[in-house]
Amino acid sequence: MIASPAGGSPGIPGTPGTPAGTTEYDTWVTEAPPPSDDAPRGAPDGPQLVVRTVAIDDLPDTPTALVDRLPDTNALAWVRHGDGLVGWGEALRFETFGPGRFADADDAWRRVLDRAVVHDDVTLPGSGLIAFGSFAFDDVSPGDESEDPARASGVLIVPRVVVGRRGDRAWMTTISLVGDRSAPVGEDLLSAYPHQPVPEPGAVVLADGAVGAADWPAVVAEGITRIKTGELEKVVLARDVVATAEHPIDARHLLGRLASAYDACWAFSVDGMVGATPELLVRSEKGLVASRVLAGTIRREHGGSAQAAPTGTEPQHSADAMREGDDADLLHAAQLARSSKDLEEHEFAVRSVAAALEPFCSSMNVPEAPFVLHLPNVMHLATDVTGVLTDQNPMSGPRPPSSLSLAAALHPSAAVCGTPTTAARSLIREIEGLDRARYAGPVGWVGADGDGEWGIALRSAEISPTDSRHIRLFAGCGIVAASDPQAELAESEAKLEPMRYALGASN
């Protein structure tokens, strides 16, 4: 594991003449507190953070209000229906590697919590000390070792500034690293990140990724063949598309379009991984746990793009098109709900999530039948699995499991890997021909109490860390014995649509 203190300090505006739109804070000292008699003996050494959260009241009621606060392209975000969290700057950064990436990150986070000093005037989920995280799908990465010999497979980032909203309450958190004399303090912390204009990427050219669209159905056909031989029951196969933009891609541009057009999804950005996922891997909040499982998809034939209708459309024609679209949606939803192939795929995914959560829960609720989730581009079969966490679990020690450790236990679910997990993962490595990196891995945030939200990095893309004009778009499909390779290719195209729309790119 690599730990990188990046500096940071809490804002301490509290002096006359504070600029409009900022919040006045009480002053506190960013020095280590004196040793306490009740401090546990042998407490681990490590970085110490001082954290302050205060209420703010100047956020407009719009889906992009939080995203609009981000000052530059190094955006951290987790936003849905206008609520959520955004952050900027880095007070701390932890990078982890290989099979132990989740456990190492969780251990590093607990050590930070042991020494943190937190002043939280809001006490809502997401206030106080938080970290954003993103993790690779697989334990191993088939990347080019000569070019990137030590690519991290997991990252936790503690921002310097966080702005959050939940319902009608909003807040700002500032975070400092004790002893970092180079970091800005007080009013200088906020002024250190002036708001930069959000540029558009300009013309975008799309090209085949690791496996071309013409060749990918053969990969799917091989998966179907292996399933029919009894090697496994389901496998999820993915493909990528490479986009090159005329100008550097700003994550805020992508986030703004996704948060507006796909507001029922969780729009996220962590360390160059950007997307709008409809699938919640796990939410842990005050002893309750929930997971939204998606598997089984049908494309919406009308309005598949989130773009608005042409401005010259006649009102009557527009109304007729909407009625026809509603009728088509009802038909497709009914087809999806009755599809034996999609129901089978969905059942595998639900069973895997329920089995992974069961050891952590004293009681669970697993609905008998899924509902149909409508998104702008597709419809999914969806099931919300919920449970009550046990007070203590042998797997997590004396503390209740953190949301990050729950995400680790759930990953990879059958929705992104297959069934059985070991056989599916082996087949993916053998035939997919793609380095998924952090696609289909957990992405989200964890708080000081261990609660948090982690999604699966779907409907997503990864901005190149070496050239921000380049970005890789990902899509995957669940394959079962009844799958059809050409139909799966069409489904993957539908799943690429959100990121194509965010980039302003055409097929």
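Student: What should I know before I start?

Tutor: The model is predicted: local features need pLDDT of at least 70 and side-chain atom pairs 80 or more, while totals for chains, interfaces and linings use all residues. Residues are numbered from 1 along each chain as its sequence is written, and side-chain values use heavy atoms, with hydrogens and water left out.

Student: How many aromatic pairs are there?

Tutor: Rings of Phe, Tyr and Trp (its six-membered ring) pair if their centres lie within 6.5 Å; planes under 30 degrees apart are stacked, over 60 edge-to-face, the rest tilted. The count here is five. One is stacked: tryptophan 78 with tryptophan 266, at 6.3 Å centre to centre and 25° between planes.

Student: Which strands hold tryptophan 78 and tryptophan 266?

Tutor: Strands are DSSP runs of E, at least two residues, numbered from the N terminus. Tryptophan 78 is in strand 3 (residues 76–80) and tryptophan 266 in strand 13 (residues 266–270), so the pair ties together parts 188 residues apart in sequence.

Student: Is tryptophan 78 buried or exposed?

Tutor: Buried means under 20% relative accessible area, exposed over 50%, partly exposed in between (1.4 Å probe, protein chains only). Tryptophan 78 has 1%, so it counts as buried. Tryptophan 266, at 4%, is buried too.

Student: What angle do the planes of phenylalanine 135 and tryptophan 454 make?

Tutor: Their planes meet at 55°, with centres 6.0 Å apart, so the pair is tilted. Phenylalanine 135 and tryptophan 454 are both buried. Ring pairs join Phe102, Phe135 and Trp454 into a cluster.

Definitions and conventions:
Helix = DSSP H or I, 4+ residues; strand = E, 2+ residues; numbered from the N terminus.
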